[in-house]
Amino acid sequence: MEKKIFELDFRGRKIVVEHGEVAKQAHGAVLVRYGDTVILSTAVVSKNANILSDFFPLMVLYQEKLYSVGKIPGGFIKREGRPTDAATLAARMIDRPMRPLFPEGFRNEVQIVNTVLSVEQDNSPEITALLGSSIATCISKIPFDGPIAGVKVGRVDGEFVINPTPEQVEKSDIDLTVAGTKYAINMVESSAKQVSEDDMLEALMFGHEAIKELVAFQEEIIEAIGEEKMEYETLEITDEFKEEISNLCKEELDKALRIKDKLEKYAAIDKVKEEVVTKYEAENSELKDKELNELLTKVKLVLEEIEYELFRRIVVKEKTRADGRSMTEIRPLSTDIDILPRTHGSALFTRGQTQSLSITTLGALGEHQILDGLSLEDEKRFMLHYNFPQFSVGETGRYGSPGRREIGHGALGEKALLQVIPSEDEFPYTIRVVSEILESNGSSSQASICAGCMSLMAAGVPIKAPVAGIAMGLITDGDDYTILTDIQGMEDHLGDMDFKVAGTRDGICALQMDIKIKGITKQILKEALAQAKDARMEILDVIQKQIAEPRKEVSKYAPKTLTFMIKPEKIKDVIGKGGEMITKIICEASNVTSVSDINAVKVDLEDDGRVIIYHSDQEIIDKTAEMIKNIVREVEEGKIYTAKVVAIEEFGCFVQVWPGCEGLVHISKLSKERVEKTEDVVKLGDEIIVKAIGTDKKGRLNFSRKDAMN
């Protein structure tokens, strides 16, 4: 296979796509170079399809290799293990815009694997992998209605920037990832520093113009090396068969869809479907297992299609929602705080049949999360974790480590609330928010943001402004469309868009959009953002009625904090040899035997000389601070001090001016008269007046009782 190279000068940086040299047995493979960032993207499809399956088996992987940034993995094993959250989010970011563009009914398994080989921080490996995934799939035999592309958009000093560098991101008030085809946007992920809806829309459109350039580049590659698309097996369902089933159930299914209560509605829908499936199973019992399974699969697919069409007609044509609300109406809201007496902050937020219990925990800065990944960020002090137990939807299911959904929803909530978290200097704590979803009927990630915001305020975290989130939906029927505020589960499942918007009264903090159609227009985006803003204000009214502002003090169960500065060169004295001194301070001040004791005071020593002390007992904090200050206090030459005799020697005595500060009073400096024996003047434990007279050749402090007597 001949190696071919394609190049594009993209906004001042070069993108190089190489094909034909590596991974030649994959059905599609390209090496994409974006500056010094290098990604190997491959796409493979299975030979056979499981046409009886009810889902398309697509797997997208983003494999971080720490050698790509010159790191050796941490821990004992020293090789890459389970994906980091960042890798999981990158894989989701690629999956989301690609999945809707595979053909309906295509059931061959597809695996798209991106291996990160080299990373230059100025050139995003995630965006490079998205480009590579699209190219690898488009040039292969895999049927795919691409190409797609994605870019990051920032805004620095009022000017939009495509794929900003980490330095530019620091200065930017928008951090937007947008993906789509040349025709429309179909995926959005963003955080922002309370920017307006108009500015966000402008950023989206700016990003789409750049996407068109990348799509045009891909079209040239596909034209040069693209393969003919494969034939694939699908279930053949005739119009007569569809009509036959429709006549059996359409009326009853329509009635079931109009029931307002979620569980009652789902039970009624399931009953109608089961009756139809049971009828066909009984009437065709003579068929062989394979033939019967195929028939019943067709019946179930048609039932799904009828439900889908009825639902859309009810919403778009009749302007009626599943639970009877208007298109812009939010489900009933209720809030509560201080649900849990011993946590540092807790809040309950309920929107219809979706409920989040969020808990805030405050810890020392040293308890921050350490990140072992490819980015420049190696730690973070604010975390939001999202848990979705199966009981929240009345089902049994898998329990274990968080899946992609939990990680993704948690990351979205974290982005939204991070924009209002106070700086480390303003509030020197590590902050963790956990959202426990207790009940769900759609939009649980946005409920997590609302409950999380209230729990932060209840915990006394001085956030910059309250944040609320809302999920918008879209139902299309030909050229007609309807935008829905606060979508519930069925509207998400059967709808065309899940558009989540979170922000304050002043602007947007986070944005996420996924769609099931090929793309949406600027007009739809504009309407959805405006509708979401109205809903956000309504929710913020409810939140602030419950808790208007952050509490002035943290919980009595949260660690109190004291911060002061010492000279950076004194940090080593506080730590001591092998940590001996800081261990002694912690144990003595806390009255514990080990620094790992749950009651031990926590001390963070920063490189700039900041000392931050944490404990729930203010007396212990004050005692710890005094001990540290005594160590770093410096004796002023010529000054008079009260000192305690702590050791008697033939040549004089050692005195303690304060704990950790000792010096020598030579026998010649004990008195104005000649002294034969030290014990003739002082005894162990005596308090005497001394004057600081400098240091000796050994660096020891020297004091004089004789000079202090003048």
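Biologist: Is arginine 351 buried or exposed?

Modeller: First, this is a predicted model, where local features need pLDDT of at least 70, side-chain atom pairs count only at pLDDT 80 or more, and totals for chains, interfaces and linings use all residues. Residues are numbered from 1 along each chain as its sequence is written, and side-chain values use heavy atoms, with hydrogens and water left out. Buried means under 20% relative accessible area, exposed over 50%, and partly exposed in between (1.4 Å probe, protein chains only). Arginine 351 has a relative accessible area of 0%, so the word for it is buried.

Biologist: Which residue forms a salt bridge with arginine 351?

Modeller: A salt bridge is a side-chain nitrogen of Lys or Arg within 4 Å of a carboxyl oxygen of Asp or Glu. Here the closest N and O atoms are 3.8 Å apart, and the partner of arginine 351 is aspartate 486.

Biologist: How many residues apart in sequence are the parts that this pair ties together?

Modeller: Helices (H or I, at least four residues) and strands (E, at least two) are DSSP runs, numbered from the N terminus. Arginine 351 lies in strand S12, while aspartate 486 lies in the loop between strand S19 (480–485) and helix H10 (489–494), so the separation is 135 residues.

Biologist: Which peptide bond is cis?

Modeller: Most peptide bonds are trans. Proline 147 sits in the loop between helix H2 (125–139) and strand S7 (149–156). With omega near 5°, the cis bond runs from glycine 146 to proline 147.
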